[in-house]
Amino acid sequence: MFAKLARTGILIAAIGIAGCNDSSMKDFAPEANKPLPDKILADMRAKGMVRTSSVMARIFKEEGKLEIWKAKTNGRYDLVATYDICKWSGKLGPKYTEGDRQAPEGFYTVRPSQMNPRSSYHLSFNIGFPNAYDRANGRTGQNLMVHGACSSSGCYSMTDAQIEQIYAFGRDAFQGGQTEFQIQAFPFRMTAANMARYRNDPNYEFWKMLKVGYDNFEITKVPPKVDVCEKRYVFNQVAPEGTTFDPTGPCPATMQPDSLKTAYADYEKRYDVAFKAAVNSSTPPPKPTIAGIKEASIVSDWSKRRARGERVPIDPPSMNADGSVTETTRMGRIDSPLGRKMAAADAEKEAKRKAEEQRLAAIEAAKAAKAQARAQALAEKEAAKQAAQQPVVTAGVEDAPAQPAQETQAAADADQGTVSKLKKKLLGMFGG
């Protein structure tokens, strides 16, 4: 049974090169023909791989990693290279609609016709979005790629040096007979700890579905056979003769090798224990995720207005957990007639706003100066009134100048002190 499953697609093997032959290879740009580094080739040989053996890729957004796996001589795959993703756009979560700037998540297929040796982004290959699952769920978009140039608006962007190697892995596998290779794009490594971190996220059910495919690869180390029915992914399922998988129709009765079912059940038991432990442990806070089609539509509208040449905020809007929308105040510069017209209108509006602020500030300053002058006048008037109410002290009969009250009191105190001292001296003399 397992051998039959492998023949139906787990091992993406080939009997011919569709759309990629010797004549087309000669037409490739020079950078598309660069061989893999000797060190990578030596590592491949040490792991039982040949240069042209089958390949697959895994992408992890949160960790920012792209992995290349290759088939060994025993048919199982092993990790051969890991690259830091230079840029990917959007948030964690799937792509919903054209213009939402989301890098896709899911299981995709790359064929020779999707390889672009003359890409504007150095080298590239289209990952195959939308796939059957995306189309069944009404998700739209086009030209989603893995490419160079380290610039992204919905793609997975690498450095030029990195894409040369990644491209070479696919090119060599096609030369070896592989007709298509699988790309598995995940929001994060789907460990129990990470799933526990995002258990309350609106994308959690979608991620649980992806995790089944992730687990199948972790168990078998063979790219899973991927089908779609009832608008959901199904993995490593074999439909009876004469039946097919309808992406929007009911899933047929399927079969799976007993050995795989047993291994998956054991894997799930260990996962459940780890998940429960992770729920009660302290973990890093979750990263921002897309809030479904509503946020995707808001960003898509921003993209459309930007494409029309309208002057929009330099960054796309973002939906908060409470449903509110945050937009940056810094506006982008769009070089188009409409954009320049909007920029001029914004500048005029800003000039009017500043002029109004200055006018109001001048009015407030005048009011403050007037209030201060009034307060000062009142203070001077009160001081003059108090001065007029002070009593006038006249001189004595002999016109002797009057002593101030403080000096008179001081003299009286001095006389009293002299009497007191004389009294104490007399009493001492007579034993008093």
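A cavity is a set of grid points over the protein atoms where a 1.4 Å probe fits but cannot get out, and its lining residues have an atom within 4 Å of such a point. With that in hand, let's explore this predicted model together.

**Exercise 1. Get your bearings in the chain.**
Find how many helices and strands the protein chain has, and what share of its residues is buried.

*Solution.* 
- Step 1: Start with the elements; there are 11 helices and 14 strands in the protein chain.
- Step 2: Turn to burial; 39% of the 432 residues count as buried.
- Step 3: Look at how the chain meets itself. Among contacts with a separation of 6 or more, 60% join residues 24 or more positions apart.

**Exercise 2. Explore the largest cavity.**
Which residues line the largest cavity, and which element gives the most to that lining?

*Solution.* 
- Step 1: The volume of the largest cavity is about 40 Å³.
- Step 2: Its lining is made by Val55, Ala57, Ile68, Phe125, Ile166, Phe169, Gly170 and Phe181.
- Step 3: S1 and H5 are the elements that give two or more residues to this lining, and H5 gives the most, with three.
- Step 4: Sort the lining by class: seven residues are nonpolar, one is polar and none is charged.

**Exercise 3. Compare the surroundings of two residues.**
Are Asn216 and Ser297 buried or partly exposed?

*Solution.* 
- Step 1: Locate Asn216 in helix H7 (residues 204-220).
- Step 2: The cut-off for buried is under 20% relative accessible area. Asn216 has 3%, so Asn216 is buried.
- Step 3: A polar atom of the Asn216 side chain lies 2.7 Å from the backbone oxygen of Val212.
- Step 4: Leaving aside neighbours within four places in sequence, Asn216 is in contact with Lys221, Pro224, Phe235, Asn236, Gln256, Leu260 and Tyr264.
- Step 5: Move on to Ser297, which sits in helix H9 (residues 292-307). Ser297 has a relative accessibility of 38%, so this residue counts as partly exposed.
- Step 6: Ser297 and Tyr96 are 201 residues apart along the chain, while their C-alpha atoms are separated by 8.3 Å.

**Exercise 4. Visit the second largest pocket.**
Which residues are closest to the centre of the second largest pocket, and how does its lining divide by class?

*Solution.* 
- Step 1: About 330 Å³ of space lies in this pocket.
- Step 2: Of its 15 lining residues, Glu98, Gly99, Arg101, Ser153 and Ser303 are the closest to the centre.
- Step 3: By class, the lining of the second largest pocket holds three nonpolar, seven polar and five charged residues.

Note on methods
Residues are numbered from 1 along each chain as its sequence is written. This is a predicted model: local features need pLDDT of at least 70, side-chain atom pairs count only at pLDDT 80 or more; totals for chains, interfaces and linings use all residues. Side-chain values use heavy atoms; hydrogens and water are left out. On a 1 Å grid over the protein atoms alone, a cavity is a set of points where a 1.4 Å probe fits but cannot get out, and a pocket is an open set with protein on both sides within 12 Å along at least five of seven lines; lining residues have an atom within 4 Å of a point. Grid points are joined across faces, edges and corners, and a volume is the space filled by probe spheres set on the points. Ala, Val, Leu, Ile, Met, Phe, Trp, Tyr, Cys and Pro count as nonpolar, Asp, Glu, Lys and Arg as charged, and the others, Gly among them, as polar. Helices (H or I, at least four residues) and strands (E, at least two) are DSSP runs, numbered from the N terminus. Buried means under 20% relative accessible area, exposed over 50%, partly exposed in between (1.4 Å probe, protein chains only). A polar contact is a pair of N or O atoms within 3.5 Å; within protein, one must be able to donate a hydrogen and the other to accept it, and residues adjacent in sequence count only if both atoms are side-chain atoms. Contact means heavy atoms within 4.5 Å.
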